[in-house]
Amino acid sequence: MPSSLFLSIAAAAVWLAACTATPRPLETVPAVDLDRYYGRWYEIARLPNRFQAMCVSDTQATYRPDGNTVAVLNQCRTATGLEQAKGIAKVVAGSRGARLKVSFFRPFYGDYWILDLDPDYRWVLVGEPGRQYAWILAREPTPDAATLTALLARAAELGFDRQAFILTPHTPAMR
């Protein structure tokens with residue numbers, strides 16, 4: 001094989017490997033004060049997922065302390081009524097509250113990482129290291145457009161598919 005052809009194939013292989021390289025490790029915020037995090041959060045946007053496929057609007061999550069864990073109550077409006085799911089979350093040791101393991105079907109747990117958080121705890125970007133799941137949550141059901149745009153841009157910077165996010169509508173009755 002001529003050396004120029006070999007070099008071309010090698011260069012192409014290196015280029016293809018670079019295109020399929022794993023994204024950089026996902027970083028969380030340095031720390032989360034869970035006492036400030038507790039309470040109701042409205043889902044503003046999310047990456048589509050199978051376990052929320054039936055949700056059409058009014059998705060909310062409520063967190064409260066429960067001994068050494070965090071009690072989680074998720075609810076949404078479906079085409080036929082309200083759906084609720086109760087779960088628990090455990091803080092990952094050494095994460096200072098920024099990484100949790102959440103379960104709605106014990107013994108199975110999923111990652112819940114706090115990737116960006118307003119200093120006043122008004123909004124949050126949550127995701128997981130595989131970048132398949134992500135949520136934008138806020139204390140109010142309709143944050144301003146600039147905040148939403150900034151959070152979607154932040155998600156894209158972290159390697160999430162910005163275009164795949166879907167917005168969550170909220171009705172006045174559910175606020």
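The legends below describe several close-up views of one predicted protein model.

Local features were taken only where pLDDT is at least 70, and side-chain atom pairs only at pLDDT 80 or more, whereas totals for chains, interfaces and linings use all residues. Residues are numbered from 1 along each chain as its sequence is written, and side-chain values use heavy atoms, with hydrogens and water left out.

View 1. The secondary structure comes to three helices and nine strands, where helices (H or I, at least four residues) and strands (E, at least two) are DSSP runs numbered from the N terminus. Followed along the sequence, these elements give the pattern α-α-β-β-β-β-β-β-β-β-α-β. Of the 175 residues, 39% are buried, a word that here stands for under 20% relative accessible area, with exposed meaning over 50% and partly exposed in between (1.4 Å probe, protein chains only).

View 2. Strand S2 (residues 57-66) pairs with strand S3 (residues 69-77) in the antiparallel sense over eight bridges, and two strands are said to pair if DSSP finds at least two bridges between them. Thr 62 has Leu 73 in S3 as its bridge partner. Two residues lie between the strands of this hairpin, and Gly 67 in the turn has a positive phi of about 65°.

**View 3. The hairpin of strands S3 and S4.** On S3, pairing with strand S4 (residues 82-91) is also antiparallel and runs over eight bridges, with Val 72 standing opposite Gly 87 in S4. Four residues separate the two strands of the hairpin, and Gly 81 in the turn has a positive phi of about 155°. Gln 75, which lies in S3, is counted as buried because its relative accessible area is 16%. The side chains of Gln 75 and Gln 84 are joined by a polar contact of 3.0 Å; such a contact is a pair of N or O atoms within 3.5 Å, and within protein one must be able to donate a hydrogen and the other to accept it, while residues adjacent in sequence count only if both atoms are side-chain atoms.

**View 4. Strand S5 between its partners S4 and S6.** S4 and S5 pair in the antiparallel sense over four bridges, and in S5 the bridge partner of Ala 89 is Val 102. Five bridges join S5 to S6, and these strands run antiparallel, with Arg 99 having Trp 113 in S6 as its bridge partner. S5 and S6 form a hairpin with two residues between them.

**View 5. The surroundings of Leu 125.** Leu 125 lies in strand S7 (residues 123-127), and because its relative accessibility is 0%, Leu 125 counts as buried. Leaving aside residues up to four places away in sequence, Leu 125 touches several residues, including Trp 113, Leu 115, Trp 135, Leu 151 and Leu 158, where contact means heavy atoms within 4.5 Å. Leu 125 and Leu 152 are 27 residues apart in sequence, and their C-alpha atoms are 8.9 Å apart in space.

**View 6. Strands that line the largest pocket.** Strands S1 (39-46), S2, S3, S4, S5 (99-105), S6 (108-117) and S8 (134-138) each supply at least two residues of the lining of this pocket. S6 gives the most to the lining, with five residues.
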